[in-house]
Amino acid sequence: MLPPPAPLLVQSNLKALLMFYFTVLAALMKLGLSGAPSGPKKVQVTNNSGVTPQGLCGAWVKEPDGGYFTSPNYPEKYPPDRECTYIIEASPRQCIDLYFDEKYSIEPSWECKFDHIEVRDGPFSFSPIIGRYCGQQSPTYVRSSGRYLWIKFVADSELEAIGFSARYNFTQDPDFKDATIPLALPLCEFEMSGPEGIVESVMVSKEGRALQTEAVDCRWFIRAPPGSKIYLRFLEYEMQNSNECKRNFVAVYDGSSSVEHLKNKFCSTVANDVMLLTSVGVIRMWADEGSRKSRFRILFTTFQEPPCEGDAFFCHSNMCINHTLVCNGIQNCVYPWDENGCKEKRKATILEHLDNTNMTIIGVTCGVVFILLTVSIIIQIKQPRKKYIMRRDDFDPALLHETFEPPHYELCALRRAASADGETMPEDFPKLQRSSSKCVHGHHCGSQASSLRGSRSDLSLRDAAAILSEMQAVAPQPPPLQHHTIPGGRRNIVVMKHSYSQDGAEVCELDDDLEDGPTTSHGHGRVGMDRTVHRSVSNDF
């Protein structure tokens, strides 16, 4: 057999090479490794739109960027006595555009009181109404102001028509013109159960579900036992941007997180308690980047309707809660029936809160303190004590206070006039004479001032007694008593007075000029002087 011509061989090899090259290129493009720009990726959004009741309200199709829905049996006549609710929810920072198909017919009536379509700007039946439509002319284009549209179709029992078909699209919210790309939100979901529990916004940051600078769309799923219901009570609630539901809100769902099960939505300054009718509750928090300081704290309590079974506690508000929730310091009932009368219960003492470790520490500490106290007492008892006795042979009066000084005595004498018998005075007697012929007023003579001037008349009792004895020894025996008159009518008197050193500084002296009738003789005067001295001494003591 002859070999094929050379040109045919080259052509077949080239075809095989080209086929191999295109195969490899296709595989690389499929794997995304070709390096060629693939263009912007389309962001997939979660369409949470819903319809109630499902399966009885015509077509219901959800798409990433929108969807469409129809009346029952469209384009055939819709059935009588039918009520359908369609709730559409867009992604954050988006709104909804709604269009009705031209093939449209609903029973006409005055103000559409019978069969009609009602559209509201929001997720609830009480949201602001946009319009109510019926008749043969389809409604005009409708745009929501936020993320939600609520549509309701009502058919009575008479005069049915073909109904409607509507399409909706998600578009950018004009309030967020700067945000061209939809938010990429982190996954943020929590599961909770039990007779009670606390749902709070700080769980997002504590469990690291999102950064503080990220927008969040978190959901808490609360699951109660079958046949039970859930009561939600707000303990704390504060929205950073109050009354701006597009930026932050807290929503409560009853049954699931689908929009048709939305029970309440709070974005203002007040949040009310919510009573759910199913065993599944969902709490949802939406906060954009500038609203992450929004916070809430919710207490959930699972309950059953009366009659209460077992040891369940009846709350007097059609609630039977777990008995462990009574007197726990938290109000679990709608009204505080579960906390009334709890003050009568004995509070746990400190000893009841102590565990084995605390008791061990306290026991060891007390033992050490007791040992140290015992040792210190023994040392104090056995330690020898030294006694110091101070003795002084001589008593120093200066140690005593001035008030305890003994009194000082003075001898006050009157200067004698010319004596009748010319009797001389003792040698020491001039010491008792004063510088003037004056007597001291009152009982005391002299003062502290006279003592300070060194008055020689300040004598102690002992000195006075010595002088008196000396005078008696020197004086001659007196002659027989006889009365005679002293010339000049004067008589000599020696008087001893006492005074304290702290008396007044003024010295008082008096002249003692006695103008008596008959005067005694000199001898009698001497005796009188002696008696006067002794009498003064006895009176002073």
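# Contacts, rings and strands

Trainee: Leaving out residues up to four places away in sequence, which residues does Leu 354 touch?
Mentor: This is a predicted model, so let's read it as one. Leu 354 sits in the loop between α3 (350–353) and α4 (356–382). Not counting residues up to four places away in sequence, Leu 354 touches Met 359 and Ile 362.

Trainee: Is Leu 354 buried, partly exposed or exposed?
Mentor: Its relative accessibility is 25%. Buried needs under 20% and exposed needs over 50%, so Leu 354 counts as partly exposed.

Trainee: Let's turn to Ser 71. Is this residue buried or exposed?
Mentor: Ser 71 lies in the loop between β3 and β4. Its relative accessibility is 0%. The cut-off for burial is under 20%, so Ser 71 counts as buried.

Trainee: The side chain of Ser 71 has a polar atom 3.1 Å from a backbone nitrogen; which residue does that nitrogen belong to?
Mentor: Beyond its neighbours within four places in sequence, Ser 71 is in contact with several residues, including Cys 57, Tyr 86, Phe 153 and Gly 163. Another residue on that contact list supplies the backbone nitrogen, 3.1 Å from the side-chain polar atom of Ser 71. That residue is Phe 164.

Trainee: Phe 164 also forms an aromatic pair with Phe 69. How many residues apart are the two?
Mentor: There are 19 aromatic pairs in the count. In this edge-to-face one, Phe 69 and Phe 164 are 5.9 Å apart centre to centre, with 80 degrees between the planes. Phe 69 belongs to strand β3 (residues 66–70) and Phe 164 to the loop between β9 (148–155) and β10 (165–172), which puts them at a separation of 95 residues.

Trainee: What relative accessibility do Phe 69 and Phe 164 have?
Mentor: Both partners of that pair fall under the 20% cut-off for burial. Phe 69 counts as buried at 0%, and Phe 164 counts as buried at 0%.

Trainee: How far apart in sequence are the parts tied together by Tyr 78 and Phe 153?
Mentor: Tyr 78 and Phe 153 form an edge-to-face pair, 5.1 Å centre to centre with 80 degrees between the planes. Tyr 78 is buried, with a relative accessible area of 2%, and Phe 153 is buried too, at 0%. Tyr 78 lies in the loop between β3 and β4 (82–89) while Phe 153 lies in strand β9, so the parts they tie together are apart in sequence by 75 residues.

Trainee: Which strands stand at the edges of the open five-stranded sheet?
Mentor: The order in this sheet is β11-β13-β18-β15-β16, with mixed pairing. Two strands each have a single partner strand, so one side of each is left without a neighbour in the sheet. Those edge strands are β11 (189–193) and β16 (262–266).

Trainee: Which residue's side chain does Asp 217 reach with a polar contact of 2.8 Å?
Mentor: Asp 217 is in strand β13 (residues 216–223), and it is buried, with a relative accessible area of 10%. Leaving aside neighbours within four places in sequence, its contacts include Arg 147, Leu 185, Cys 188 and Trp 286. The side-chain partner at 2.8 Å is Arg 284.

Trainee: Over which ring does the charged end of Arg 209 sit?
Mentor: A charge over a ring also turns up elsewhere: Lys 265 lies over the face of Phe 249, at 4.9 Å from the ring centre. The charged end of Arg 209 is 4.4 Å from the centre of its ring, which belongs to Phe 190.

Terms used
Residues are numbered from 1 along each chain as its sequence is written. This is a predicted model: local features need pLDDT of at least 70, side-chain atom pairs count only at pLDDT 80 or more; totals for chains, interfaces and linings use all residues. Side-chain values use heavy atoms; hydrogens and water are left out. Helices (H or I, at least four residues) and strands (E, at least two) are DSSP runs, numbered from the N terminus. Buried means under 20% relative accessible area, exposed over 50%, partly exposed in between (1.4 Å probe, protein chains only). A polar contact is a pair of N or O atoms within 3.5 Å; within protein, one must be able to donate a hydrogen and the other to accept it, and residues adjacent in sequence count only if both atoms are side-chain atoms. Contact means heavy atoms within 4.5 Å. Rings of Phe, Tyr and Trp (its six-membered ring) pair if their centres lie within 6.5 Å; planes under 30 degrees apart count as stacked, over 60 as edge-to-face and the rest as tilted. A charge sits over a ring if NZ of Lys or CZ of Arg is within 6 Å of the ring centre and within 35 degrees of the ring normal. Two strands pair if DSSP finds at least two bridges between them.
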